[in-house]
Amino acid sequence: MKRRKKAIVLLSGGLDSAVTLFYAVKNGYDCRCLSFDYGQKQKREIALARKLAAWAGAKFITVKLPLPWKGSSLLDKNKAIPLDRKIEDIKKGIPSTYVPGRNTMFLAVASSFAEAVGARAIFIGAHFEDSSGYPDCRKEYLEAFDKVIRLGTKAGREKRLSLKFPLIEKDKAGIIKLGLSLGVPFQLTRSCYQGSKRPCMRCDSCILRQRGFKRAGVEDPAL
């Protein structure tokens, strides 16, 4: 029996990373899901990520990465998360929910994990709708980090490890449609920044998710 290639999947419990996991599984990878507890308000996402990994038949690990300097409304209880913003406002500038260096830290840890277990790929669910606000979700950033992996790791130098970002050109509706075709259990995903039991429907992430399901022409099973 042919052995499947191993992959590390950054899995947050949100919609995009869930689709990325199921995409990797569909493409024949034996996945290890990597989730982070970095002091975020939406702790619920970690438990959901664990359930998503189990549903996909993938291994799961959580890494504690506390950020005592905060620097984001996702981390600081004294900073309010932006609510009720219009789409055009969401797409302007970098919001307070940006966590300084988050994807850089996550991908560095994932690179170490990948080398340690002999994984051939690291998957991240970044896409262009987020890139308008988050600089570490942009295609050029991800291409640059892929180069870092290829230059700065033993596996990368030996052409045995690369970064994959299959959703980068898709909008939220396109990601949802892909997820439906892959059988993603969207009822287990949460995108809300607030961390409450039910989505707040008011933060940027909830608004973009609602818009995506509407454009995809389906109901959000998480509601």
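Trainee: Is the crossing of H4 and H6 left-handed or right-handed?
Mentor: Keep in mind that this is a predicted model. Helix H4 covers residues 102-117 and helix H6 covers residues 139-152. Their crossing is right-handed.

Trainee: Which residues of H6 make the contact with H4?
Mentor: Start on the H4 side. There the contact uses Asn-103, Thr-104, Leu-107, Ala-108 and Ser-111. Facing them from H6 are Tyr-141, Leu-142, Phe-145 and Ile-149.

Trainee: How many nonpolar residues does the contact of H4 with H6 have?
Mentor: Sort the contact residues by class. No charged residues take part. Three are polar. The nonpolar residues number six.

Trainee: Why are H4 and H6 described as roughly parallel?
Mentor: Their axes lie 11 Å apart. Angles under 35 degrees count as roughly parallel. H4 and H6 are therefore roughly parallel, and the angle at which they pack is about 30°.

Trainee: Which element supplies the largest share of the largest nonpolar core?
Mentor: This core has 35 residues, and Leu-107, Ile-122, Leu-142 and Leu-163 have the most contacts inside it. Strand E1 (6-10), strand E2 (30-37), H4 and H6 each give at least two residues. The largest share is five residues, and it comes from H4.

Trainee: How many residues does the other core have, the one with Val-19 and Cys-33?
Mentor: This core lies apart from the largest one. Ile-46 and Ala-56 are also among its residues. Its size is 32 residues.

Trainee: Which residues does Leu-142 touch, not counting those up to four places away in sequence?
Mentor: Leu-142 belongs to H6's contact with H4. Leu-142 touches Leu-107, Ile-124, Ala-126, Asp-136, Cys-137, Leu-163, Phe-165 and Ile-168.

How values were computed
Residues are numbered from 1 along each chain as its sequence is written. This is a predicted model: local features need pLDDT of at least 70, side-chain atom pairs count only at pLDDT 80 or more; totals for chains, interfaces and linings use all residues. Side-chain values use heavy atoms; hydrogens and water are left out. Axes are lines fitted to C-alpha atoms, for helices over the stretch in contact, and angles run from 0 to 180 degrees between N-to-C directions. Helices (H or I, at least four residues) and strands (E, at least two) are DSSP runs, numbered from the N terminus. Angles under 35 degrees count as roughly parallel, over 145 as roughly antiparallel, 65 to 115 as roughly perpendicular and the rest as oblique. A crossing is left-handed if the near helix is turned anticlockwise from the far one by less than a right angle, and right-handed if clockwise. Contact means heavy atoms within 4.5 Å. Ala, Val, Leu, Ile, Met, Phe, Trp, Tyr, Cys and Pro count as nonpolar, Asp, Glu, Lys and Arg as charged, and the others, Gly among them, as polar. A nonpolar core is a set of buried Ala, Val, Leu, Ile, Met, Phe, Trp, Tyr and Cys residues joined through side-chain atoms within 4.5 Å. Buried means under 20% relative accessible area, exposed over 50%, partly exposed in between (1.4 Å probe, protein chains only).
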